[in-house]
Amino acid sequence: MTSSADSAVLADFLAATLAGRRPVHDDANAGACANGAVRWQWQDEGVLLLEPVHGDADKDAPARSVLISAGVHGDETAPIELLSQMVADIAAGRLPLACRLLVVLGNAAAMRAATRYEDDDLNRLFGGRHARVPQSREAPRAIALEQAAQRFFEATPAAGTRWHLDLHTAIRASAFEQFALLPYTGGAPARAMFDWLADARIAAVLIHTEKGATYSSFTADACGATACTLELGKVRPFGQNDLARFAHADAAIRRLVSGAHADADAPMPRVFTVIGQITKQSDALQLHVAADVANFTPFARGTVLAEDGAYRYVVAHDEERIVFPNPSVKPGLRAGLLVVETTGATLAALV
Ligand SMILES: [Zn+2]
């Protein structure tokens with residue numbers, strides 16, 4: 001049975017993680033919850049495995065392995081709160097669990113400090129990039145989270161599907177308040193993911209055209225997961241989030257893990273594909289957009305978006321939209337992404 005110390009960790013995984021608490025009663029850091037229906041294993045700080053106990057009875061077989069992460073940026077609080085609440089509901093038997101589920105609260109140290117990161121942006125360190133900054137306080141965490149994902153997905157049953165949703169909130173406003181970023185995979189995006197994004201009422205999807213160093217890029221590339229990063233609105237401190245704004249995404253996540261049917265009538269998101277980027281050449285970079293320009297703001301052909309010495313970024317398509325403009329990155333890094341709409345072609349090519 002689950003001891004009270006374990007119950008406290010499962011009932012408030014966020015508070016337990018912030019407090020550095022871990023299950024104490026047995027060496028395995030494991031037990032049963034949900035009246036015996038779910039097996040849990042605390043694997044590391046902020047890393048919790050939940051599995052249905054009766055997973056081998058054909059119809060109820062956990063066909064999915066689902067990794068859901070939040071707090072890879074420590075100050076992006078709302079999705080962390082949602083995920084912690086979902087753990088509590090599963091542990092109490094209020095939300096049935098129909099898949100293997102790995103819950104990851106990404107940057108626990110930064111969460112404690114109410115900051116995006118301590119030394120380096122954790123979501124730029126995956127896929128081995130952590131080796132470039134071995135002294136960084138985020139480097140060992142990137143390694144641990146890569147290993148946790150690999151261990152989890154390696155244990156997926158042969159016929160099982162692999163999912164990863166990495167939940168974030170954005171720093172700036174967006175023309176589409178909630179949007180998803182799909183990592184580059186070399187192939188067409190999965191219809192199952194688009195059906196789920198529609199179910200979550202995600203308005204827009206950005207498709208990367210190069211490999212990235214994000215957590216979802218790592219799980220797509222190294223673990224074969226159908227993965228995305230979700231931007232669910234603006235950053236606020238713990239306890240000051242209006243969780244109702246996240247209701248659709250929360251409900252769709254709960255349907256995914258409980259095996260409930262998605263809303264088949266939900267509209268598909270609009271799709272945008274990366275066609276270029278503004279690269280910071282030097283500290284002389286000038287971005288000719290407002291400091292608080294919303295993500296997905298469109299610009300017409302011929303607009304000069306950036307100048308940096310001899311370097312200029314000029315809009316070459318009829319319309320390009322800017323995403324994640326950030327002139328304060330280090331020289332050599334990306335100071336903004338440019339996307340064009342590809343909704344028709346992308347939706348027609350889903351696999
Ligand atoms: Zn983030």
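The questions and answers below take up the annotated site and then a cavity.

Q: Is E231 buried or exposed?
A: This is a predicted model, in which local features need pLDDT of at least 70, side-chain atom pairs count only at pLDDT 80 or more, and totals for chains, interfaces and linings use all residues. Residues are numbered from 1 along each chain as its sequence is written, and side-chain values use heavy atoms, with hydrogens and water left out. The unreviewed UniProt entry annotates E231 as "active site", an annotation that may be inferred rather than shown by experiment. Because its relative accessibility is 7%, and buried means under 20% relative accessible area with a 1.4 Å probe and protein chains only, E231 counts as buried.

Q: Which residues line the second largest cavity?
A: The second largest cavity holds about 30 Å³ of space, a cavity being a set of points on a 1 Å grid over the protein atoms alone where a 1.4 Å probe fits but cannot get out, with lining residues having an atom within 4 Å of a point. Its volume is the space filled by probe spheres set on the points, which are joined across faces, edges and corners. The lining consists of L82, L83, M86, L167, D250 and I253.

Note on methods
Buried means under 20% relative accessible area, exposed over 50%, partly exposed in between (1.4 Å probe, protein chains only). On a 1 Å grid over the protein atoms alone, a cavity is a set of points where a 1.4 Å probe fits but cannot get out, and a pocket is an open set with protein on both sides within 12 Å along at least five of seven lines; lining residues have an atom within 4 Å of a point.
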